[in-house]
Amino acid sequence: RVGQAVDFVEPHHLIPISNQTSFKKSLDQVSNIISLCPNCHSGIHCADKSDRRSFIMQAYQLKKSAIETCGILVYHEELYEVYRV
């Protein structure tokens with residue numbers, strides 16, 4: 001699960017850089033990056049729809065305050081559309 005202690009982590013942009021044109025603020029900043037264990041990182045990209053939604057929601061809840069503080073406004077429903085789930 002997101003936030004679980006592991007030996008190494010993989011960085012992941014919560015809001016993918018490919019969606020930059022939809023945002024005025026740069027998406028390539030620390031507030032939009034979450035460290036995921038390899039299983040969660042794979043899950044956010046490749047799991048079935050309901051599991052992907054769960055991974056996305058957990059990551060969103062962890063980063064929501066940080067991304068809002070830097071001026072990136074997005075709702076979890078929008079992230080579901082971005083990730084096509």
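Visitor: Is Arg84 buried or exposed?
Guide: Arg84 is exposed, at 76% relative accessibility. Here buried means under 20% relative accessible area, exposed over 50%, and partly exposed in between, with a 1.4 Å probe and protein chains only. This is a predicted model, where local features need pLDDT of at least 70, side-chain atom pairs count only at pLDDT 80 or more, and totals for chains, interfaces and linings use all residues. Residues are numbered from 1 along each chain as its sequence is written, and side-chain values use heavy atoms, with hydrogens and water left out.

Visitor: Where does Arg84 sit?
Guide: Arg84 is in the segment after α3 (76-82). Its phi is near 55°, a positive value in a residue other than glycine.

Visitor: OK, zoom out. What's the order of elements along the chain?
Guide: The pattern is β-β-α-α-α. That makes three helices and two strands. Helices (H or I, at least four residues) and strands (E, at least two) are DSSP runs, numbered from the N terminus.

Visitor: And how compact is the chain?
Guide: The radius of gyration is 12 Å, close to the 12 Å that the globule rule gives for 85 residues, so the chain is as compact as a globular protein of that length. The radius is taken over C-alpha atoms, and the rule is 2.2 Å times the number of residues to the power 0.38. The C-alpha atoms fill a box of roughly 35 × 25 × 20 Å along the principal axes.

Visitor: How much of the chain is buried?
Guide: Buried residues make up 38% of the 85.

Visitor: Now α1. Which of its residues are buried?
Guide: In α1 (residues 38-46), Cys40, His41, Gly43 and Ile44 are buried. They cover an arc of only 160° around the axis, which puts them on the same side of α1. The arc is that of the directions from the helix axis to the C-beta atoms.

Visitor: Why would residues a few places apart point the same way?
Guide: An α-helix has 3.6 residues a turn, so residues three or four places apart point the same way.

Visitor: What's on the other side of α1, and what covers the buried residues?
Guide: Asn39 and Cys46 are exposed on the other side. The cover over the buried residues includes β1, β2 and α2 (49-69).

Visitor: Next, the loop between β1 and β2. Is Leu14 in there buried or exposed?
Guide: Leu14 is buried, at 0% relative accessibility. Beyond its neighbours within four places in sequence, Leu14 contacts Asn32, Ala59, Tyr60, Lys63, Ile67, Leu79 and Tyr83.

Visitor: What about Ser31?
Guide: Ser31 lies in that loop too, between β1 (10-13) and β2 (33-36). Ser31 is buried, with a relative accessible area of 13%. Not counting residues up to four places away, Ser31 touches Lys63, Ala66, Ile67 and Cys70.

Methods:
Contact means heavy atoms within 4.5 Å.
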